[in-house]
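Here are my notes for you, as numbered points. Have the structure open while you read, and take the points one at a time.

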Amino acid sequence: METVAVKVQDLVVSYGSFVAVENLSFTVKNGEIYGLLGPNGAGKTSTIKVLVGVLEPRAGNVQIYGTPLSDEVAAKSKIGYVPEEVVLLDSLTPREFFEFVASIRRLDREVVNSRLERFVSAFELKQYFDTPIAALSMGNKQKVAVVSALLHDPKLLILDEPLIGLDARSSKILKELVTFHAKRGGAVIFSTHIMEVAEKLCTRVAIINKGKIVGEGTVADLRKLVRTAEGSLEDIFLKVTEQEAGMQDMIRALEEE
Amino acid sequence: MYKEVSFQSIFSLRAGSSLPQRSRKDIKQLVANARINTLIGKLVTTVFIAVFSGVVFLPLLISGVGSAVPRDIAFQGGVSAFLAVVLFLIVFLGLQMSTSFVSSKVVDVLSPLPLSKKEISRIMFLCFIRIFDIPLVAAAAIFLSVYFIIGGSVLGAVVAVVAIGVTEIFALALTTVSARFFYMRVTRAGGKSRLQTFLRFGFMFVWLLPTFVAYFIVNFAGQIVQWFAYLSQSFSSISQILALIYPFSYGFLVSYSTFFQGVKNTALGLSAIASIAYLVAAYYCLRWVTRTVRTIGVGGFTAGPREIVRDTLIIPQIAWVEIIRKDLRVASRSPSYASLFLLPVVQTAVLAITFSSFSQIGLSTAVGILVGISLITLLLPPTLLAMEGLGSAYTRHLPMKKTTMVTAKTVLSTITYMISLVVLSIVAICLGKNFLFILTLGMVDAFAIAAAIMLELSILLRKFWKEGFAVGNIYSRITTYIAILIPGYIVALIPIGCAVEVFFLAQPFFWPVFLATAMAEFIVMVAVVLHQK
């Protein structure tokens, strides 16, 4: 039986008078890798921040495995989150940071250490384990965020641009982990600007533009939407977000300069 | 560029990434707040310098320190104390800002621009000086103004200019040394060994030293001047040794070049030689500071050597214990937090020194001391929540209960209060005074303090739980800050107030009333905290 992992209804997010997300609704089921695509400032990160409880929406309902976000602790316990901009507790070392995360999540010492050892080895973090996070490179900070998102074996993974800064090896491992997580029955929400990754990894995608979903479904569904038999997700994306028109002229003009 | 320095120092390092989720108007407000906070820091330092100059030099303007102390000797003490205060206040201000400056984050903005290394270095140096501009200029202006009001000579004014210049250069050098060392050995070095942990906690006390000395001098200005005058009068050999030591050498020299009568040739010679030596040292210090700040411009400092990581074991704790552990770790790596954190202990140490002037510890003395410690302790909870701002954009997604947060911060703040109490008791024992009365009074009062802390935290959490605890949120809104502190102070003072009243009306009921009021407040606040969602 398919379980609904995330249910978003009529979500509205605003910053002052600026409406970043307007009446957004979607559901993500167990076993799915749900891609959130959109141009810069489309409202992807705002949506994700609401899902993880970092941002208060102006309106709308969000449920994580049937738990409303108002039941903060229960909802947040089911989520593993990698933020777009990795600002952790920078003065701590990864060891101290993992201790903090594991303690707040009330994880069993033996279980968490066993998981941690595997992840640290996979992402080659051991040598930086006692170095303050502030002194790590962007990629290593990203790895720390990824590992702490996986520590408690969450049912739902919410990853906002998780591949930024990761080296090829870590990027590959993360993609494999995400696929494995979905195969095991977990759910993933995955925001990215890399269309090739979204096309290969995601079971369904939602294209957000100006705070609204302008296309949703599998790549085949989206092809139908733009009435084309061929074309990559990138082509579909540019069409759906109305960025294709005039783009060639713009490129030509830049090349002529 | 200086705006960037202020922003990095105040917000970027402490506010986490909560900025992008704000509207443009809010961000403009935050940037404005960053500049205002920097300005406030400078103005507060300047006000302290001005107030201290008043405390030190006003008696000289009116009638001298006392009839027993000659004016020239009182002036020596005053000048020396003033220079010491300027040194420590500027270092204290500098430590709050310069670690992030030294961390070279600001240079990231400049390096991609088409500027030469020399130009970048020059910009960095000017930015560094701007951190201190108002206090540096004000200290010199205040000193010279006071000097001429007292009736100084032209020669004395020249020496005074040299003295204040040397002091300011020493302050810049001391700030740079501390910030650089802190950045390389503490902030960036990491490590889990006991040595590293010990080093970090050692540094928490090092950061407190300027605070303590400045605080001590401001509190005991009059006594210091008198003590110095007494020393100079009583033992001529000591005054000769003092003439060699900074800042006394300048104290002597300024005094001798102002009051020509009664000049002791040996002391004059020694202070002149020492002052010239300090001037030369200041020249080399200035060169070093210039070079060091420029080093930041051409690539910054590298961290100390890394420890070899032997294992990846972690030891999770109960959530509230872990929050305390995390706060201590963060504070041990941040000069501004460390100094605020241990302020109640400093306050206690200063108060404890005043013990020596009391023959007995009566009710009024004990209550006065406890109220002082309580009021300082209650400044802590907002700071402890502001520390969450460091990574709140991330940590807010963790399943943390408000109750857990309040418990952790309350326990930590109350422990800080208790440490103050222990320090006080130890000093009382050392001075051979009855410590049991003040200890018992303080232990009972701890319930009221804990209740006040819980109240402050509950108000703060109600306001900032969803918004995040960036420093800018809490400290930039002065009205909010005051609105948090006032209820806390009221709750902390009610039991003491009731008990003191009862003491005069029906003395036997003093302890029962005090205990009952404090306990009642504590129980009510525990119930409130437990009912928070």
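1. Start in chain B, where H15(B) passes H18(B) in a right-handed crossing. (A crossing is right-handed if the near helix is turned clockwise from the far one by less than a right angle, and left-handed if anticlockwise.) Helix H15 covers residues 363-377 of chain B and helix H18 covers residues 402-430. Helices here are DSSP runs (H or I) of at least four residues and strands are runs (E) of at least two, numbered from the N terminus.

2. A word on what you're looking at: this is a predicted model, where local features need pLDDT of at least 70, side-chain atom pairs count only at pLDDT 80 or more, and totals for chains, interfaces and linings use all residues. Residues are numbered from 1 along each chain as its sequence is written, while chains are lettered from A and ligands numbered from 1 in the order in which they are written.

3. Back to that helix pair. The axes of H15(B) and H18(B) are 10 Å apart, and the angle is about 150 degrees. (Axes are lines fitted to C-alpha atoms, for helices over the stretch in contact, and angles run from 0 to 180 degrees between N-to-C directions.) The two helices are therefore roughly antiparallel, a label for angles over 145 degrees.

4. Which residues of H15(B) meet H18(B)? They are B:Ile369, B:Ile373 and B:Thr377, and they face B:Ser413, B:Thr416, B:Tyr417, B:Ser420 and B:Leu424. Contact means C-beta atoms, placed from the backbone, within 7 Å. (Ala, Val, Leu, Ile, Met, Phe, Trp, Tyr, Cys and Pro count as nonpolar, Asp, Glu, Lys and Arg as charged, and the others, Gly among them, as polar.)

5. Now hop to chain A, which has an open sheet of 4 strands in the order E2-E1-E4-E5, with antiparallel pairing. Strands pair if DSSP finds at least two bridges between them. The edges are E2 (18-29) and E5 (67-68), each pairing on one side only. E1 (residues 4-15) and E2 share 8 bridges, and A:Ser14 has A:Val19 in E2(A) as its bridge partner.

6. Last, see how the chains meet: 49 residues of chain A are in contact with 40 residues of chain B. On the chain A side, H3(A) gives the most, with 9 residues. That side divides into 26 nonpolar, 9 polar and 14 charged residues.

Key
Angles under 35 degrees count as roughly parallel, over 145 as roughly antiparallel, 65 to 115 as roughly perpendicular and the rest as oblique. Two residues are in contact if their C-beta atoms, placed from the backbone, lie within 7 Å.
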